[in-house]
Amino acid sequence: MSFAQTIIVGNIGRSEAVRYSAEGNAACNFSVAVNESYTKNGERVESTEWYRCVAYRRTAEIVGEYGVKGKQVLVRGKRKTRSYEKDGHTKSVTELVVHEFQLLGGRSDAVPADIPLQARKPAQQG
């Protein structure tokens, strides 16, 4: 049996609106910045690593509701690389497929309850 997962703690840099498939399944793309700092030759060095993330179903709706830019989060998931065609060229992208999304920080960092939902599931057409 094989198993791999990635856990990151960082700040949301960008979050797109939740979108829904024809079957009604939610999806949301967002990015997370992980900042590192260390000392090299007596000088402080800072770097930022960006992670592309994609959440599905209820997790996507939670990201759409509460995943505001700058918010500190913990994200756990599986790294996946996919390919696609653009302008006649094959491109590939590596994303973190999110299995767990947690907001971090104290109550003062909490999103106010009166902020409207950023995305709502469209009404079913019959």
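**Entry 1: Arg 76 and its partner**

I started at Arg 76, which counts as partly exposed because its relative accessibility is 23%. This is a predicted model, so I treat every value here as computed from it. Which side chain meets that of Arg 76 in a salt bridge? I found Glu 100, with an N to O distance of 3.0 Å. Arg 76 lies in strand E5 and Glu 100 in strand E6, so the pair ties together parts that are 24 residues apart in sequence. I looked up Glu 100 too: at 25% relative accessibility, Glu 100 counts as partly exposed.

**Entry 2: other charged pairs**

I noted a general point first: side chains of opposite charge can pair when their charged atoms come close. How many salt bridges does a search of the whole structure find? The search gives six.

My next stop was Glu 95 and Arg 82, whose side chains meet in a salt bridge at 3.1 Å, N to O. This pair links distant parts of the chain, with Glu 95 in strand E6 and Arg 82 in strand E5, 13 residues apart. Is Glu 95 buried or exposed? Glu 95 counts as buried, because its relative accessibility is 7% and the cut-off for buried is under 20%. Arg 82, at 39%, counts as partly exposed.

I then found salt bridges that share partners: they join Arg 58, Glu 61 and Glu 65 into one network. I also wrote down Glu 46 and Arg 44, whose side chains form a salt bridge at 3.5 Å, N to O. Both Glu 46 and Arg 44 are exposed.

**Entry 3: the overall layout**

I stepped back to get my bearings. The chain has one helix and six strands. Reading along the sequence, I get the pattern β-β-β-β-α-β-β. Of the 126 residues in the chain, 29% are buried. I also checked the contacts with a separation of 6 or more: residues 24 or more positions apart account for 57% of them. For the surface, I noted that the chain exposes about 9100 Å², with carbon and sulfur atoms supplying 46% of that area.

What is the size of the largest nonpolar core, in residues? I read 17 residues, and those with the most contacts inside this core include Ile 8, Phe 30, Val 32 and Phe 101. The elements that give two or more residues to this core are E1, E3, E4, H1, E5 and E6. The largest share, five residues, comes from E3.

Leaving out residues up to four places away in sequence, Val 32 touches Ile 8, Cys 53 and Val 75, among others.

Then I turned to helix H1, which spans residues 57-66. Its buried residues are Ala 60, Val 63, Gly 64 and Glu 65. Where do the buried residues of H1 pack? They pack against strands E1 (6-15), E3, E4 (43-56) and E6 (89-103).

**Entry 4: Asn 29**

I looked up Asn 29 in strand E3, which covers residues 26-40. Why does Asn 29 count as buried? Its relative accessibility is 12%, and buried means under 20%. The side chain of Asn 29 makes a polar contact of 2.8 Å with the side chain of Arg 19. Not counting residues up to four places away in sequence, Asn 29 also touches Arg 14, Ser 15, Glu 16, Cys 53, Val 54 and Glu 95.

**Entry 5: Trp 50**

I found Trp 50 in strand E4. At 51% relative accessibility, Trp 50 counts as exposed, as the cut-off is over 50%. Leaving aside neighbours within four places in sequence, Trp 50 is in contact with Gly 13, Ser 31, Val 32 and Ala 33. I also checked Asn 35, 15 residues from Trp 50 along the chain: their C-alpha atoms are separated by 8.8 Å.

I closed with the confidence values. The mean pLDDT of the chain is 85, and 83% of its residues reach 70 or more. Over which residues does pLDDT stay under 50? The stretch is residues 109-126, for which the model has 12 contacts beyond four places in sequence. My reminder to myself: where pLDDT is low, the predicted coordinates should not be read in detail.

Methods: Residues are numbered from 1 along each chain as its sequence is written. This is a predicted model: local features need pLDDT of at least 70, side-chain atom pairs count only at pLDDT 80 or more; totals for chains, interfaces and linings use all residues. Side-chain values use heavy atoms; hydrogens and water are left out. Helices (H or I, at least four residues) and strands (E, at least two) are DSSP runs, numbered from the N terminus. Buried means under 20% relative accessible area, exposed over 50%, partly exposed in between (1.4 Å probe, protein chains only). A polar contact is a pair of N or O atoms within 3.5 Å; within protein, one must be able to donate a hydrogen and the other to accept it, and residues adjacent in sequence count only if both atoms are side-chain atoms. Contact means heavy atoms within 4.5 Å. A nonpolar core is a set of buried Ala, Val, Leu, Ile, Met, Phe, Trp, Tyr and Cys residues joined through side-chain atoms within 4.5 Å. A salt bridge is a side-chain nitrogen of Lys or Arg within 4 Å of a carboxyl oxygen of Asp or Glu. pLDDT is the predictor's confidence in each residue, from 0 to 100. Accessible areas come from the Shrake-Rupley method with a 1.4 Å probe; for residues, only the protein chains shown count as cover.
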